[in-house]
Amino acid sequence: MSNPPDFVTGETEAPEMVNRPAPPPGPVPAAEERRTLHDLWMAGTEAPREVARFTSEGAQEMLAEEQEPILAGQMGALVGDDYLSRPGPSGEDTQVINMGPQHPSTHGVLRLQVELEGETIRRVKPIIGYLHTGMEKTAEALTFAQGPTNVTRMDYLSPFHEELCFSLATERLLGVEVPPRAQAIRVLMTEVNRVASHLIWVATQGMDIGALSMMLYGWRERELCLAFFERVTGLRMNHNYIRPGGVAADLPDGWEDDVAGILAKVPPGIADYQDLLDDNPIFRERTVGVGVITAEECRAYGVTGPILRASGVAWDLRRAFPYSGIDRYEFEVPIGNGGDVYDRYRVRIEEMKQSLRIVAQVAETMPPGDYRTDDLKVTPPPRARLDQSMEALIHHFKLFTEGFKVPAGEVYEAVESPRGELGMYLVSNGEAKPWRLHVRGPSFAHVQALPVMLADSLIADTVATLASADPVLGDVDR
Amino acid sequence: MAGPANPSGFLTTTLQKAVGWARTRSMWPATFGLACCAIEMMATGAAHYDLGRFGMEVFRASPRQADLMIVAGRVSQKMAPVLRQIYDQMSDPKWVISMGACASTGGMFNNYALVQGVDQVVPVDVYVPGCPPGPQSLMHGILTLQEKIRSGEIAR
Amino acid sequence: MSDPASLPDRAAALLAGLAEQFPRARFGSSLGDQVVRVERDDLVAFASAARETGLTAFVDLCAVDYLDRPEGRFEVVVVLLSTRLCLRLRLLVAVPGEDPQVPSLTGVFPGANFYEREAYDLFGIAFSGHPELTRLLLPDEWEGHPLRKDHPVGAVPVQFKAVEQAP
């Protein structure tokens with residue numbers, strides 16, 4: 001090894017890359033442009049505010065040079081940002097508070113720089129990238145069959161939706177149809193996933209607001225769903241079950257009993273949560289009228305999912321662009337009218353009930369048949385046939401070493417994940433590995449819209465609003 | 001008596017055992033959940049798998065009040081200095097469990113963005129493999145660490 | 001989501017209106033998606049007109065590196081949506097490699113802010129008029145643009161115990 005990797009920059013050139021010329025650097029906007037007055041965090045919705053000039057450290061951090069050595073001395077280490085005091089619009093001093101990236105209530109490694117005037121929030125700046133995993137680059141190094149293992153770890157609370165989106169995009173490029181049983185299994189798993197994800201959401205929302213017992217109750221019901229996942233896919237999370245061509249394996253014997261168990265035990269749990277929270281005066285005080293975002297702002301910022309529905313727009317991708325046979329099942333799309341945290345809570349509770357309704361219908365009407373397409377160029381042959389047929393062995397070998405080649409093309413596919421529109425833009429150049437995979441994570445837009453939701457709120461509302469936006473940082477940073 | 005299990009060689013065996021016993025009861029973890037492993041860590045703390053029976057259900061947000069840092073999830077290059085800062089802020093005695101494949105070795109993401117193993121940043125006592133490790137695996141890791149502390153293998 | 005002939009009339013009329021307004025834009029469909037190739041200089045005007053006529057929801061903005069391509073090395077992809085018409089439109093803008101600059105859409109859709117910063121961070125495409133074009137996902141002091149095709153994955157070679165591996 002030539003030089004040990006430096007963990008801060010992590011650059012270790014693979015030997016074959018050492019002699020390549022460095023790519024031309026992209027044009028960097030002039031330093032003056034970066035430091036000019038700007039306030040487009042509220043663009044389109046509020047008048048721009050006066051902000052102070054930033055120092056030469058770059059616009060990411062709000063530094064005050066004269067205070068830096070004092071704090072460095074106090075903390076014994078160099079800090080990345082600092083407390084900054086300067087006159088605000090009303091003449092009072094404002095203070096910059098840093099929340100995160102290590103914080104119990106930021107739902108992951110999200111960092112918020114909040115500029116406060118007393119207890120009122122004047123400006124919020126989300127800083128992300130603390131979970132950036134380079135998954136889009138990794139996707140270019142994995143075959144299409146390996147793709148679900150990569151994307152399933154992006155939004156780790158709804159892994160089935162990520163796998164489904166990737167598989168649907170690949171299948172559109174390939175031009176293969178999956179059999180009805182595979183479609184029904186996919187719907188079953190994704191809807192139970194929606195219930196499991198919303199259960200975590202209600203648990204963490206309650207815990208963040210102070211109803212600590214919600215954390216234990218939410219996980220109690222989620223364990224039922226995870227036990228079901230483990231029986232079907234072998235794993236509690238990050239399953240790699242929904243693959244291009246169908247699903248990895250058929251449902252095990254006795255799956256109807258497992259589903260019946262979920263349908264028997266989860267609705268009473270949801271009823272318990274509603275008893276505890278719906279009319280709870282403390283919960284209502286903390287959530288009604290808090291974190292409001294209007295439908296126009298949602299569209300401008302790309303906010304979708306329960307947040308958009310709570311703002312009054314009846315937009316659900318399962319209705320607008322149905323996929324995987326979901327239009328065969330009856331369900332309702334709950335919408336709110338206030339766009340505040342309480343409405344999002346009600347919408348998600350109702351979505352859980354509707355998802356269970358879909359699960360019941362799938363369990364009753366599960367069609368018989370194959371669990372994956374019989375196109376041999378895509379699907380590996382059954383393991384038993386490998387002993388009997390040379391052709392099966394060769395197919396298996398080529399599919400798992402090289403992967404199947406996908407015709408050149410580009411496609412954008414989206415599914416309705418528990419957080420919103422989860423989209424994937426997949427470009428293939430005819431090889432066995434994607435040329436480019438871009439994942440449009442719903443939480444990326446929601447984190448960007450946080451300043452809009454938090455405009456002129458109190459600092460105590462930050463946590464409630466952030467929890468109601470339900471960000472998953474794996475989706476944001478990828 | 002000095003030896004491999006007791007490098008300081010100063011404490012008598014009974015007192016060392018008592019200290020080790022006290023340290024392992026109610027070791028409070030610092031919240032360092034990063035990604036998918038954090039969800040399994042929360043599941044371990046929840047009612048079904050119950051870390052509370054080991055006195056560990058209180059995840060302290062402030063590193064000053066915690067003794068155990070469970071690095072649960074993938075550590076990106078941007079997060080590595082933060083990780084080190086939190087570790088430095090914890091007071092002795094402190095231990096680190098590296099939970100999951102990404103924290104132990106970089107996992108399936110051998111690329112520019114991740115630190116390939118959190119032991120490049122902080123010293124690790126126990127590695128828990130899995131992607132993500134189920135609550136039983138994490139508890140096995142925690143109990144292994146407790147065993148190591150009680151037996152004096154980690155004398156801190 | 002199907003070929004243009006069976007689109008609802010209003011959606012087809014919207015696209016036809018845009019086609020009339022921007023004769024240089026080349027409309028088409030790709031595997032069922034509505035796609036339009038827009039010139040770099042027309043981008044902001046086209047997006048603005050699209051928003052006026054009904055494509056009010058901003059969905060996605062990303063970049064692709066095609067390495068060798070006559071029309072331009074990079075491509076910026078913008079996805080817009082109309083919730084009322086159930087219409088999704090994909091804009092493809094070719095960007096030359098020697099001059100990776102694109103006008104910013106933040107004036108039209110504030111939601112493009114983070115997406116453009118990400119494209120700048122990972123590809124080095126500058127968006128002129130962006131209020132704060134700094135790195136988003138990678139540390140500020142990072143050098144290079146990792147998602148470009150000539151940037152390596154950055155894999156660290158794994159040393160196995162029993163194998164002598166040449167450095």
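The paragraphs below take these topics in turn.

This is a predicted model, in which local features need pLDDT of at least 70, side-chain atom pairs count only at pLDDT 80 or more, and totals for chains, interfaces and linings use all residues. Residues are numbered from 1 along each chain as its sequence is written, chains are lettered from A and ligands numbered from 1 in the order written, and side-chain values use heavy atoms, leaving out hydrogens and water.

Let's begin in chain A, where helix H5 (residues 159-174) packs with helix H6 (residues 180-209) at an angle of about 145 degrees, their axes 8 Å apart. Here helices are DSSP runs of H or I with at least four residues, numbered from the N terminus; axes are lines fitted to C-alpha atoms over the stretch in contact, and angles run from 0 to 180 degrees between N-to-C directions.

Next, look for the largest nonpolar core, which has 134 residues, with Met69(B) and Val71(B) making the most contacts inside it. Such a core joins buried Ala, Val, Leu, Ile, Met, Phe, Trp, Tyr and Cys residues through side-chain atoms within 4.5 Å, buried being under 20% relative accessible area (1.4 Å probe, protein chains only). Leaving aside residues up to four places away in sequence, Val71(B) touches residues including Phe32(B), Leu83(B) and Val118(B).

Finally, six residues from chain B meet 13 residues from chain C.

How values were computed: Helices (H or I, at least four residues) and strands (E, at least two) are DSSP runs, numbered from the N terminus. Buried means under 20% relative accessible area, exposed over 50%, partly exposed in between (1.4 Å probe, protein chains only). Contact means heavy atoms within 4.5 Å.
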